[in-house]
Amino acid sequence: MAVTSEKVGSLLRMVLENGQDDRGNFIFKSKNFNNVKIEATAEQLYTVAKALEPLQQRELYAIERKDDNKIMNI
């Protein structure tokens, strides 16, 4: 039984700092950009996020990519 995985979707997430709570822990907000091309490289996504950074009201903390995969038995 051979099981394979196929990437079916991807999104770009910009994690932004949104202040601190009463204990001094950072609070984060995220902005998601759906329908990212599956073929997009990490470098391309980083470049896009850095280009969007000046348009944000909050400081950029992290850039993340989330991929969705379909697992099937062939």
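Reply: Gladly! Let's start with a definition: exposed means over 50% relative accessible area, and buried means under 20%. Please keep in mind that this is a predicted model.

Me: Why is Met 1 called exposed?

Reply: Met 1 has 86% relative accessibility, and the cut-off for exposed is over 50%, so Met 1 counts as exposed. Met 1 sits in the segment before strand S1, which covers 3–20.

Me: What makes Val 3 count as buried or exposed?

Reply: The relative accessibility of Val 3 is 53%. Exposed begins over 50%, so Val 3 counts as exposed. Val 3 belongs to strand S1.

Me: Which residues make the nonpolar surface patch?

Reply: Met 1, Val 3 and Ile 71 make a patch of about 410 Å². Nonpolar side chains are joined within 5 Å, and patch residues need over 30% relative accessible area. Met 1 at 86% and Val 3 at 53% pass that accessibility cut-off.

Me: How do you know what Val 3 touches beyond its sequence neighbours?

Reply: Contact means heavy atoms within 4.5 Å. With neighbours within four places in sequence left aside, Val 3 is in contact with Ile 71, Met 72 and Asn 73. Val 3 and Asn 73 are 70 residues apart in sequence, yet their C-alpha atoms are 4.5 Å apart in space.

Me: What makes S1 and S2 a pair?

Reply: Pairing takes at least two bridges, and 7 bridges join S1 to S2, so the two strands pair, running antiparallel. One example is Glu 17, whose bridge partner in S2 is Phe 28. The hairpin of S1 and S2 has 5 residues between the strands, and Gly 24 there takes a positive phi near 90°.

Me: Why do S2 and S3 stand at the edges of the sheet?

Reply: The open sheet has 3 strands in the order S2-S1-S3, with antiparallel pairing. Strand S2 (26–33) and strand S3 (60–73) each have a single partner strand, so one side of each is left without a neighbour in the sheet. On average, neighbouring strands are turned by 35° against each other, direction ignored. Helix H1 (residues 42–52) packs on this sheet, touching S1, S2 and S3.

Key:
Residues numbered from 1 in each chain as written. Predicted model: local features only at pLDDT ≥ 70, side-chain atom pairs only at ≥ 80, totals over all residues. Heavy atoms only, no water. Patch = residues over 30% accessible without salt bridge, like charges linked within 9 Å, V, L, I, M, F, W, Y side chains within 5 Å. Areas by Shrake-Rupley, 256 points an atom, 1.4 Å probe, with all protein chains shown as cover. Salt bridge = Lys/Arg side-chain N within 4 Å of Asp/Glu carboxyl O. Helix = DSSP H or I, 4+ residues; strand = E, 2+ residues; numbered from the N terminus. Buried < 20%, exposed > 50% of the residue type's maximum accessible area, 1.4 Å probe, protein only. Axes fitted to C-alpha atoms, helices over the stretch in contact; angles between N-to-C directions.
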